[in-house]
Amino acid sequence: MTLTTEFPSFSQQLTRFPFSRNDFLPARPDLLWSVEWGNVRTLTWNEEGSAITLGYWGAGDVVGQPLSGISPYQIECLTSVEVTSIPTQQWHQFLDRIISHSQQTKELFRIIRSERIYHRLDKLLIWLGNKFGRTVSQGILIDLRLTHQNIAELIGTTRVTVTKLLKELEEEGKIVRQQRYYIVLPR
């Protein structure tokens, strides 16, 4: 179910909508989305057309173009999701989640401003573990399937560099790979 910006207008009440993996939520200047379950990422593009990931979001988060002020802006479903539309008149009811969105964005900005790419990746994995992780016997399993390219787009490097540094973090015993997921080991 892919929706475009020609999304119908919303009533004053909150309405829930399901979306499938790889769908895009409508990004409108008068609408926020509350993620009820599932995961999404927000993104834009630079002048060369390369994707710039703005953040990863899950249950309990609020996303939407008004929170970034950036154009172009997209909200991509990484999994099946269910979201609630929040029209302008209802934003005050979600102020705590809007503040949380701002805080998480600033934390990601702090991570990507680390001088060394190695530290960016290490801090990002810890952040992902805290946000999307679940405890397993070895440590914290990051319950979000990301490609090396997804990670590279977020921390501003190449896929090849991410692959190399993930191997280095594994060799140092900071992470363990389990199929397509990573486990952040206790430090």
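Reply: Val35 has Val83, in β8, as its bridge partner. This is a predicted model, in which local features need pLDDT of at least 70 and side-chain atom pairs count only at pLDDT 80 or more, while totals for chains, interfaces and linings use all residues. Residues are numbered from 1 along each chain as its sequence is written, and side-chain values use heavy atoms, with hydrogens and water left out.

Strand β3 covers residues 31–37. Helices (H or I, at least four residues) and strands (E, at least two) are DSSP runs, numbered from the N terminus. Six bridges join β3 to β8 (residues 81–87), and the two run antiparallel. Two strands pair if DSSP finds at least two bridges between them. β3 also has two bridges to β6 (residues 62–63), again antiparallel. There, Trp33 stands opposite Val63. Five of the seven residues of β3 are buried, so the strand is largely enclosed by the rest of the structure. Buried means under 20% relative accessible area, exposed over 50%, and partly exposed in between (1.4 Å probe, protein chains only).

Next, the other strands. β9, β10, β12 and β11, in that order, form an open four-stranded sheet with antiparallel pairing. β9 (133–135) and β11 (175–178) stand at the edges with a single partner strand each, so one side of each has no neighbour in the sheet. Neighbouring strands are turned by 30° against each other on average, direction ignored. Axes here are lines fitted to C-alpha atoms, for helices over the stretch in contact, and angles run from 0 to 180 degrees between N-to-C directions. Inside this sheet, β10 (residues 140–142) and β12 (residues 181–184) pair over two bridges. Leu141 has Ile183 of β12 as its bridge partner.

Now the helices. α3 is mostly covered, with seven of its eight residues buried. Among them are His148, Asn150 and Glu153. Just after α3, Gly156 takes a positive phi of about 70°. Ser114 lies in the loop between α1 and α2 (117–132). Ser114 is buried, at 9% relative accessible area. Leaving aside neighbours within four places in sequence, Ser114 is in contact (heavy atoms within 4.5 Å) with His119, Arg120 and Lys123.

Finally, the pockets. On a 1 Å grid over the protein atoms alone, a pocket is an open set of points where a 1.4 Å probe fits, with protein on both sides within 12 Å along at least five of seven lines, and lining residues have an atom within 4 Å of a point. The largest pocket holds about 430 Å³ of space. It has 26 lining residues, and Ile52, Thr53, Leu54, Thr105 and Ile112 are the closest to its centre. β5 (51–57), α1 (95–112) and α3 (148–155) each supply at least two lining residues. α1 gives the largest share, seven residues. By class, the lining has 13 nonpolar, 10 polar and three charged residues. Nonpolar means Ala, Val, Leu, Ile, Met, Phe, Trp, Tyr, Cys and Pro; charged means Asp, Glu, Lys and Arg; the others, Gly among them, are polar.

The second largest pocket holds about 290 Å³ of space. A volume is the space filled by probe spheres set on the grid points, which are joined across faces, edges and corners. Of its 15 lining residues, Arg21, Leu78, Thr79, Leu144 and Arg145 lie nearest the centre. Four of the lining residues are nonpolar, five polar and six charged.
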